[in-house]
Amino acid sequence: MTRYLLKKLFYMVLSLFVLASATFFLMKAIPGNPFMSEKEIPKAIRAMLEAKYGLDKPLWSQYLTYLNNLIHLDLGMSMKQQYTTVSSIIGTGFLYSLQLGIFAIILSVTAGIVLGIIAALNHRKFLDTFTIFLAVLGVSVPNFVVASALQYFLGVKLRWFDVAGLNDITDYVMPTIALAVLPAAFIARLTRSSMLEVLTADYIKTARAKGMSGRIILFRHALRNAILPVVTYIGPMTANIITGSVIVEQIFGIGGLGKFFVNSITNRDYTLIMGLTLFYAVILMLARFFTDIAYAFIDPRIKLNSRKEG
Amino acid sequence: MATIETKHGQAVDPQGLTKADFQKLDHSEKKGEVVVRESISAWKDAWLRLRSNKYAMASLIILLLIVIMALIGQSISGHDYRSQDYMATNEKPSSNHWFGTDDLGRDVFARTWMGTGISLQVGLYAALVDLIIGVIVGGIMGYFGGKVDEILNRICDILYSIPNMLIVILLIVVLEPSMFTIVIALSITGWISMAWIVRGQIMQLKNQEYVLASRSLGASSGRILFRHLIPNAIGPIIVTLTMTVPNAIFAEAFLSFLGLGVQSPAASLGTMINDALKAMTVYPWRMLFPAILISLTMLCFNIFGDGLRDALDPKMKK
């Protein structure tokens, strides 16, 4: 187990290194630099700016400095917002994104599991078909469509919620729903299919034959086992919520990481793009890492040192 | 040839058979070998299963309609997708402009179908590139195994652990956004899941007798791989492909949302939705049709893909 985890950690660091190098060289490959603008900047000022950001040094030296700074968790200064470090931008934005993300995870896990159970208990009946349809719809409708539909109908037409911003608790409702739809749909499908499998298992028949109540069978015997595949979905769910948050934050005007990411791309703020990319990557990799560990703890049948097949 | 006669000189059978029934037949009359019922190949079987799935068939028909409209939609609208009309901007749907007009007075009907075409093309090309790279790399990994597999698998692991959307965004920021670069960027990490699926299939199949037979007849590795193994793994490959298309369409729409999609005057559904979003509170109908179409396309691909998986691999069905 320890050996497996160390190996995983090693590959995580290696992947991060590849990503960091890739972002660095990609950003350097872009013609021009952020100090080029329509207004001609005087040569001396430009030279000073370049010296400040180390752009006057040779490429390999810039690369080494960059890696060295990364090891010290220094992501550098934003190129567009003066006197602001990338880390401080991430610090302010992450708080909002994290809150929204946690709400979305709670909502999607509960909604997904409840829907999945309802579908499985009504196998091949109307409620089952209806839930599957909802789930397929949830996977198919892009979240910017969901977000803007919510904004239009609940915000503009019905005026139930504020159209944008994140000032009081009701403002969380629409962004959370928009973020949760896709993962909830996935979880509902996962829960349904594993519930169907578990419900035909022998130990369920035994429990029923012993005369246990349906509720105990459902919660204590079936659900506990059926929930396992949902745990494997934690990693992909984090990825979905991150990509989702980029869109949802932009639509609802929330100053989270996603919004900074979009802005950094439109402004070509290279240090910020690089910093945010690495930050997202770390979060995702950690999510995958913890999924692996959690899975091994929940299901003792899983041996972590067995190699992945297929 | 001596005939067998009973004591009474006449062959009598309780079932009413006479001597004539025991005559030797010549070749032309041997019908016993003929297959009376039409033989059902694996493909036909899958097709029959697919055909009985009414949701999958409905999705297929809708998808075909969408493709046809993407091809002819612009010409039946009577408007060019690029021509601007500053006298008629942001119009509601009318008999002249069936889906209304956008902020530059361009016909939304023509643009929607044009955009559908672009979105579908992005999906198809991305799927095609994934298919080619994924099948080759996955085939090599599965077939040769050992060190080759180990090294390629590590490379895949590392590439896969890099969040793909981030790499796609970075690439598009560097390369200029166009359909070509979007497809390339999506394929950089997109082929990995295909490669893993092919690898798993090949590893299962390569110890089958027909592979041994082929090898003992002197077939080369390439021939065994591409003539025997990959055709037998085609089911999961097709299913993965049907799932790649909607993912690519969604990814393209996501990129458009960041302003990194297909550039004006061309449009994809994603760019149209993004443009319409800016004025959604005032002109909501501009958003309506592209949003419906992208959702419908993805919905049909997902349902059809599910149906196809059930049809090609009934064991998977739940």
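Predicted model: local features only at pLDDT ≥ 70, side-chain atom pairs only at ≥ 80, totals over all residues.
**Stop 1: where chain A meets chain B**

Select the residues of each chain that touch the other. Chain A puts 37 residues into the contact, and chain B puts in 34. Now colour the side of chain A by helix. Seven stretches each supply at least two residues: α1 (2-29), α5 (126-140), α6 (143-157), α7 (173-199), α11 (234-251), α12 (257-267) and α13 (270-298). Which helix gives the most to this side of chain A? It is α1(A), with 9 residues. The side of chain A that touches chain B holds 27 nonpolar residues, 9 polar ones and 1 charged residue.

**Stop 2: α6 and α11 of chain A**

Stay in chain A and show α6(A) with α11(A). Their axes lie 9 Å apart, at an angle of about 25 degrees. Angles under 35 degrees count as roughly parallel, so α6(A) is roughly parallel to α11(A). Look at the crossing of α6(A) and α11(A): right-handed. Next, show side chains. From α6(A), pick N143(A), F144(A), A147(A), S148(A) and Q151(A). From α11(A), pick G244(A), I247(A), V248(A) and I251(A). These contact residues split into 5 nonpolar and 4 polar, with no charged residue.

**Stop 3: α2 and α11 of chain B**

Move to chain B. Select α2 (residues 54-77) and α11 (residues 285-312). The axes of these two helices come within 8 Å and cross at roughly 140 degrees. How are α2(B) and α11(B) set relative to each other? They are oblique. The crossing of α2(B) and α11(B) is left-handed.

Show the residues that meet:

- α2(B) brings Y55(B), A56(B), S59(B), L60(B), I62(B), L63(B) and I66(B).
- α11(B) brings L296(B), T297(B), C300(B), F301(B), I303(B), F304(B), G307(B) and L308(B).

By class, the contact of α2(B) with α11(B) has 12 nonpolar and 3 polar residues, and no charged ones.

**Stop 4: the largest nonpolar core**

Now select the largest nonpolar core, a set of 148 residues. Which members touch the most other members? They are I169(B) and I273(B). For the largest share of this core, highlight helix α3 (residues 108-144) of chain B, which contributes 16 residues.

Conventions:
Residues numbered from 1 in each chain as written. Chains lettered and ligands numbered in written order. Contact = placed C-beta atoms within 7 Å. Helix = DSSP H or I, 4+ residues; strand = E, 2+ residues; numbered from the N terminus. Nonpolar A, V, L, I, M, F, W, Y, C, P; charged D, E, K, R; others polar. Axes fitted to C-alpha atoms, helices over the stretch in contact; angles between N-to-C directions. Parallel < 35°, antiparallel > 145°, perpendicular 65-115°, else oblique. Left-handed = near helix turned anticlockwise from the far one by under 90°. Core = buried A, V, L, I, M, F, W, Y, C linked by C-beta atoms within 7 Å. Buried ≥ 20, exposed ≤ 12 C-beta atoms within 10 Å, placed from the backbone.
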